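Load the model in your viewer and keep the selection tool at hand. The stops below go from confidence to contacts to single residues.

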Amino acid sequence: MRPGAATTPLVSTELARSLLLVGPLLVYLALFYAYPLLGMLSQSVHQKVWTFAAFAELLNSEVFWRVMAITGRIAVLTTLFCLLLAYPLAFFLARRSRATANLLLILVLIPFWTSILVRTYAWMVLLGRNGIINNALIAFGLIPRPLTMLNTRFAVYVAMVHVLLPFMVLPLYATFSAMDWRLVQAAQGLGARPLAVFRQVLLPLSLPGVSAGCILVFTLAIGFYITPALVGGPSDVMISILISDEVGVLKWPLAAAMAVVLLAVVLALFAAFSRVVRIDKVF
Amino acid sequence: MPGNTRIRPGAILLGIYVVLIFAYLVFPVLVIIPLSFSSGKFLTFPPPGFSLRWYANFFGRGEWTGSAWLSIWVGLSVTVMSVLLGTPAAIALVRGRFPGRRLVLAFILSPVIAPGIIVAIGVYFAYAQFGLVGHPFALVLAHVCLAVPFVVINVSTSLQGVDRRIEQAAQSLGATPWATFRQVTLPLIRPGIFAGAVFAFITSFDELLVALFLSGTTAVTLPRRMWEQIRFDIDPTIAAVSTLLITLTSCLLVGTELLRRRTERARTRPLAELAPTDA
């Protein structure tokens, strides 16, 4: 709509009504969410005077770069594992009848809505030194003594993929169910082998879902805190944990600078994501 | 589904793979439940015997029940505020045409995408200056920001499914905008509001990161107490609490789904007659 069009009374009352409806929420979020966040983030460049000292410290901080590398690595591999699990699952669901698919989707959604704390605790119980998996493996005589699984990178991947898998399944399932399956049948009818059907038909058609799911999972993974803090080892410190530690020792400028970096990455990905899919269609 | 009845080895392999993934998704959640009824002090499987001692431990200790009540009250307050703020916003976003609509939507949904730790230390930084740390009110204020996106999304989805012609018909018959909303739109989007309310409640009820910073020592929510307990010692009391939480979440979700189906059936019947080609 052209800005000049707002002069007609009908349009301006509609604009006024929309503002009246959305206004309270915007004011609320501005006061209790945006203002606090901006205030905190501004600590990175301004306490009593303007300074870039915190960012300079960050650039020279070996710990920061190591933690960023760990965070990036964990997020990339988690995304990859999620894709490997979710792609066949979403394909399978899309080939069922609607009723069956909806029923099976509940199985995906119940863990999705179970508290992260509960799910992480479950993995601690399963993977612990005297945990269920170790006890079962020893009972079957498969291993002589307990394996160290908890507080390792392995546990971080197992638990994070478990928490994030639904975020990959849902966009992929949406793409697969909206797909025109006659194209697949046509390719098969014309004699294409399964691998060729996958590479030349299925994969290109599902790419929007793949990219949406990957961006979403990666974005959420780089901000993880609870899961790596509970099941990870001392070398599995992700950026969120580091930020929280800096706040713990009241190093606000440094924590805020790290928050700025993390938020910039997330916002860039979020922008890319909203180009691929409509954001209100995901949840 | 379109004639794919021949069973091929690929399909069998896919089936096995899918079963394994479902096991991976569901098993860890389910395994907690028998452990919570264990008579033993350690989390061995199978449990040595049946007992309700961990539930007694939960209900008998004031600190656990106090935290549970606090979480329930905070969650309910968050739900009410989120519905009151989110529903009108969703209506404006779906029905209204105003500049920057997409940007407004992105801003409203951003608390869900922003890393939890950033929101948590942000509100902590600001709320601490007003002496709000340790006050349940602070938790409500912050949790609404995290919960309101779910109301906006669910109400929007619901509203997009409402045939605009029904509202127009009501208005052309002389109903005021308010009467149209009360008598036509609201009954049709009620399942969306209800689903949004349930998700808002769960979001607040399970929230940990903000609580870690805002709870202080006087407003310790259930997730916050679980967090401290888990780091300290993972005795089966946590399994009992987890089982209670899983039951609560499942009931809420299944209830929402049933309600959605019932109203959807009631709603699509007359509309299907209007548009018979919609297959």
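The mean pLDDT of chain B is 87, with 91% of its residues at 70 or more. Now compare its elements; helices (H or I, at least four residues) and strands (E, at least two) are DSSP runs, numbered from the N terminus. Go to residues 269-279 of chain B, where the pLDDT is below 50. Beyond near neighbours in sequence, this stretch has two contacts in the model; a contact means C-beta atoms, placed from the backbone, within 7 Å.

Two notes before moving on. This is a predicted model: local features need pLDDT of at least 70, side-chain atom pairs count only at pLDDT 80 or more, and totals for chains, interfaces and linings use all residues. Residues are numbered from 1 along each chain as its sequence is written, while chains are lettered from A and ligands numbered from 1 in the order in which they are written.

Show both chains. The predictor gives the complex an ipTM of 0.87 and a pTM of 0.88. The contact takes 71 residues from chain A and 75 residues from chain B. Which helix gives the most to the side of chain A that touches chain B? Helix H1 (residues 9-42) of chain A does, with 18 residues. By class, that side of chain A has 51 nonpolar, 14 polar and six charged residues. Here Ala, Val, Leu, Ile, Met, Phe, Trp, Tyr, Cys and Pro count as nonpolar, Asp, Glu, Lys and Arg as charged, and the others, Gly among them, as polar.

Next, select helix H3 (residues 62-94) and helix H9 (residues 194-222) of chain A. They pack at about 140°, with their axes 9 Å apart. Axes are lines fitted to C-alpha atoms, for helices over the stretch in contact, and angles run from 0 to 180 degrees between N-to-C directions. H3(A) and H9(A) are therefore oblique to each other; under 35 degrees counts as roughly parallel, over 145 as roughly antiparallel, 65 to 115 as roughly perpendicular and the rest as oblique. Show side chains: among the contact residues are Thr71(A), Ile74(A) and Cys82(A) of H3(A), and Val210(A), Gly213(A) and Phe218(A) of H9(A). This contact has eleven nonpolar, four polar and no charged residues.

Switch to helix H7 (residues 164-172) and helix H8 (residues 177-206) of chain B. Their axes come within 10 Å and cross at roughly 145°. Ile166(B), Glu167(B), Ala170(B) and Gln171(B) in H7(B) meet Thr180(B), Val184(B) and Thr185(B) in H8(B). By class, this contact has three nonpolar, three polar and one charged residues.

Now for backbone angles. Most residues other than glycine have a negative phi. Pick Asn151(A), in the loop between helix H6 (132-139) and helix H7 (153-177) of chain A. Its phi is positive, near 60°. Leu250(A) also has a phi near 60°. Find Leu250(A) in the loop between helix H11 (239-248) and helix H12 (252-276) of chain A.

Buried or exposed? Leu250(A) is exposed, with 8 other C-beta atoms within 10 Å. Asn151(A), with 19 C-beta neighbours inside 10 Å, counts as partly exposed. The cut-offs are 20 or more other C-beta atoms within 10 Å for buried, 12 or fewer for exposed, and partly exposed in between, with C-beta atoms placed from the backbone.

Finish at Ser77(B), in helix H3 (residues 62-95) of chain B. Draw a distance to Phe137(B): their C-alpha atoms are separated by 9.3 Å, 60 residues apart along the chain.

Notes:
pLDDT = per-residue confidence, 0-100.
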